[in-house]
Amino acid sequence: MREIKVEFPQNCPIRTRIYRVTKAPIHWHEGVLEIVFPLEGALEVTQNHEIFRLEPGDFTFVNSGCIHRLTSLQPEGSIAAVVTIDLQAYEGTFENVTHILFRSQPLEGMSHDFKKSRAAQEARMLEALFQCVLRRNEPGFRATSPDVAYQQARHLLCLSMSDFFELFYKVGRYWFISDYQLQRYNRTVRYVHENCRSKISVTDILGRELISKTYFSQFWAKFSNQPFSEFLLMQRLTVAEKLLLSTDMCLEEISREAGFSAARYLYKYFLKCYHCKPLAYKVQCLDYQSGVEEPEMVDPSEALRLLNRYAQEYIEPAAALRKRLDSKSCLELFFEIRDQGKLALEKNPDLDLREESIFVDLTEGKNLLSGRGEAGFNREHIIDLLTLVEAMDVIPLLRINYLVLKKRALLDDFLALLDELEEIFGVQRLKAWQYWLSFDTPAQQAEAAAYLARVRDKVGYSSAHLSIRLS
C-alpha cells in the first residue's frame, strides 16, 4: 500500500496498457490522471471511500493522489485498458491541471435529465480512449513523435475538462460558470490541496483572494455540495488515509500530520465517509493486500483481438451517426454552412462572427421541412449539420427567428429540438454553442419574455450564449 511512480516513455506524456486483472494491489500515483475501461469482464474500482462497478462500455477516472484498487468480478479475471496521462507535462497549458478532479459518475442528487445528457459525452470520450489504445497496440506500432503523443494526451485532457470536470456535476445543468469564477475556484482548491496539512482556514482564503467572508460563502455555495470547512476536512482525510495505510503511525500522530486539530475529528469523519473505524479499515486493507496479484500485461496479439471485438460491440454502434457523413455529404454540408455564413454577413454587415464559429440558420432553407401539410424542423438534416460542425471543431452560431417559430407553430417544437440535441451532443456542448434569437419588433421581444426564459433554462443564462437581436 504505497505510491507507485508511473514510468512514461522518453518525452511521451501518455502511456497505454492492457492488463488481465484479478485482485490488484492498493496504491496511488501522484501527478498523473489514469483512465480505466474494461474490455472483457466486469471490474470493481475502489477509490478512497467510493466503489464503482464497471462493465465493458464504461470507464472511470482515477485522479492524482487517489488511493485505488482494481478487483475483477469474474473468477478468471477481467481485461482492462488503462490510459495514463502525465499531468505535469500540461501545467503550462492548463493552469492547476494537477489539482482538477475528474469523474464520470453522477453525484447523489443529480437530476434525471442531467444523467441522461451524459450519454453523448461518454460515447465521445470512450471512442477517443479506444482509438488511443488501438493505435498503440496495432502491429508494427512505433513510438510516435513527442509532438504527436503530446497532442493525443492533450485531446483526452480537453475532452475530460469539457465534460467530466467534477465541478460540473456539483454546479448542475443551469448555472453558468464564468472564467473568472472558475479560476478563483481552482486557485482555492489548489491552495487547500497544497496546504491542508497546515492549520489553514477560510480566513487564509479571504486574505489571498481579498474578498469578504459573506461573499466567499455565497461563492462557495454555488460551486460545492458541501461547506468549505467540510471540503477542507475531506482533503485532510485523504492525507490521513495514505498515512494510515503506508506507515505504522498511531492515530494521534496521523491526525497531527494530516492537519486535524485532534484525533477525535479524524475518527469522526473517517467513520462518516468509510463507514468503519480507521484501524478496522486498515485491517480490512491488510487482509485484501495479502491475496493480491500484480496485473499481467496481455499478449499483443490477444490485445488486438480483444480491441477489435470491443470496437464491434461498443464503438461502432455509437459512431453510426458519424458514419452517415460520407465524403460526398460532408462536402455538400460544408459548402452549405459556408454559404449560410456569407449570406448572414451580407444581410448584417455589423454581425460579429468569431473566426472559430460558424453560422447556421435553423429557421431557413433545408433546416425546415417543406411540403404540403408539413410543419417542423428537418431534424435529420440539422443533426448532420451540427455533427459536421463538431467534427470541424468550431462553435456553431445558431440563428432562430421568433416570428418564423410563431407563424409555423414551432415554439414548443424548438424546445423539443433542443432536448434532442442535448441527448445527442450533451449538455455541455449545448451550452457552449452560441444562439441568436431574432425579433422583428420590440413588441415581439416583450411578448416572448416567458418563452425566452424557457430557452435560457436549456442553453444557459449567460449573454455570451444567448443573444437577443432585432432584425
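This is a predicted model: local features need pLDDT of at least 70, side-chain atom pairs count only at pLDDT 80 or more; totals for chains, interfaces and linings use all residues.
Residues are numbered from 1 along each chain as its sequence is written, and side-chain values use heavy atoms, with hydrogens and water left out.

**The overall picture**

The protein has 20 helices and 14 strands; these are DSSP runs numbered from the N terminus, with helices (H or I) of at least four residues and strands (E) of at least two. Of its 471 residues, 51% count as buried. Here buried means under 20% relative accessible area, exposed over 50%, and partly exposed in between, with a 1.4 Å probe and protein chains only. Contact means heavy atoms within 4.5 Å. Among contacts between residues at least 6 apart in sequence, 76% join residues at least 24 apart.

**Thr60 and its surroundings**

Thr60 sits in strand β7 (residues 60-62) and counts as buried because its relative accessibility is 0%. Leaving aside neighbours within four places in sequence, the residues in contact with Thr60 include Glu34, Val45, Phe52 and Ser104.

**Two cavities**

The whole structure holds 2 cavities of 30 Å³ or more. On a 1 Å grid over the protein atoms alone, a cavity is a set of points where a 1.4 Å probe fits but cannot get out, and lining residues have an atom within 4 Å of a point. Grid points are joined across faces, edges and corners, and a volume is the space filled by probe spheres set on the points.

| Cavity | Volume | Lining by class |
|---|---|---|
| Largest | about 70 Å³ | 7 nonpolar, 2 polar and 2 charged residues |

Helices α4 (166-171) and α5 (179-195) each supply at least two residues of the largest cavity's lining, which includes His99, Phe165, Tyr185 and Phe231. Among the residues lining the second largest cavity are Ile26, Asn48, Arg69 and Tyr281.

**Two asparagines with positive phi**

Most residues other than glycine have a negative phi. Asn48 has a phi near 50 degrees, a positive value, and is found in the loop between β5 (43-47) and β6 (50-54). Asn48 is buried, with a relative accessible area of 17%. Asn96 has a positive phi too, near 65 degrees; Asn96 lies in the loop between β9 (78-86) and α1 (112-116) and is buried at 8% relative accessibility.

**The cysteines**

How many disulfides does a search of the whole structure find? The count is 0, where a disulfide is a pair of cysteine sulfur atoms within 2.5 Å. The sulfur of Cys132 is 8.7 Å from the closest cysteine sulfur, in Cys12, so the two are too far apart for a bond. Cys132 is buried, with a relative accessible area of 2%, whereas Cys250 is partly exposed at 38%.

Terms used. On a 1 Å grid over the protein atoms alone, a cavity is a set of points where a 1.4 Å probe fits but cannot get out, and a pocket is an open set with protein on both sides within 12 Å along at least five of seven lines; lining residues have an atom within 4 Å of a point. Ala, Val, Leu, Ile, Met, Phe, Trp, Tyr, Cys and Pro count as nonpolar, Asp, Glu, Lys and Arg as charged, and the others, Gly among them, as polar.
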